[in-house]
Amino acid sequence: MIHDGAFTLYEDDNEGCGYMDGVCVKTVMTYREEWESAFEFLNQAEIEFDVKDEFYDLVMREKRVPVVLAQLEAMGIERGLCQALAEILTGI
């Protein structure tokens, strides 16, 4: 079973109800189980840590799977590794 989820975190000054009038900072929080599986897979991969960090940063800022996969190709990650990550991220 996949447990994906998302919510919007509203932060105001904690003095009133500014969030009700839109006077707040909104942060969209998203969790996709596939991302966690991909991180676990990469953690075991025998690649440089800076490549792992780059992948993590990419996934944290870009939630669209096709864009992530295109960026992986552009990063020059080994084709087999890209294919394995594509399978994990698309749930194939």
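**The nonpolar core and its helices**

Analyst: In this predicted model, the largest nonpolar core has 15 residues, and those that touch the most other members are Leu42, Phe55, Val68, Leu72, Leu81 and Leu85. Two or more residues come from each of α1 (33-44), α2 (49-61), α3 (65-75) and α4 (79-90). Helix α4 gives the largest share, 4 residues.

User: What makes leucine 42 a buried residue?

Analyst: The relative accessible area of leucine 42 is 5%. Buried means under 20%, so leucine 42 is called buried. Leucine 42 lies in helix α1.

User: Which residues is leucine 42 in contact with, leaving aside its neighbours within four places in sequence?

Analyst: They are Ile47, Lys52, Phe55, Leu81 and Leu85. For phenylalanine 55, which is 13 residues apart from leucine 42 along the chain, the C-alpha separation is 8.8 Å. As a general matter, nonpolar side chains tend to be buried together in soluble globular proteins.

User: How do you know that the span of α4 agrees with what its 12 residues should give?

Analyst: The expected span is 1.5 Å times one less than the number of residues, and for the 12 residues of α4 this comes to 16 Å. The end C-alpha atoms of α4 are 16 Å apart, so the two values agree.

User: Which residues of α4 are buried, and why are they placed on the same side of the helix?

Analyst: The buried residues of α4 are Leu81, Cys82, Leu85 and Leu89. They cover an arc of only 100° around the axis, and therefore they lie on the same side of α4. Just after α4, glycine 91 has a positive phi of about 70°.

User: What does the corresponding reasoning give for the buried residues of α3?

Analyst: In α3 the buried residues are Val65, Val68 and Leu72. Their arc around the axis is only 60°, which puts them on the same side of α3. The exposed residues Pro66 and Ala74 are carried on the face of α3 turned away from its buried side. Glycine 76 follows α3 and has a positive phi, near 80°.

**Cysteines**

User: How many disulfides does the structure hold?

Analyst: The structure holds 0 disulfides.

**The protein overall**

User: What is the secondary structure of the protein, and what pattern does it follow along the sequence?

Analyst: The protein has 4 helices and 2 strands, and along the sequence they follow the pattern β-β-α-α-α-α. Of its 92 residues, 22% count as buried. Among contacts with a separation of 6 or more, 46% are between residues 24 or more positions apart.

User: Where is confidence lowest and where is it highest?

Analyst: Confidence is lowest in strand β2 (residues 25-31), with a mean of 71, and highest in α3, at 86. The protein averages a pLDDT of 79, and 85% of the residues score at least 70.

How values were computed
Residues numbered from 1 in each chain as written. Heavy atoms only, no water. Core = buried A, V, L, I, M, F, W, Y, C linked by side-chain atoms within 4.5 Å. Buried < 20%, exposed > 50% of the residue type's maximum accessible area, 1.4 Å probe, protein only. Arc of directions from axis to C-beta. pLDDT = per-residue confidence, 0-100. Disulfide = S-S within 2.5 Å. Contact = heavy atoms within 4.5 Å.
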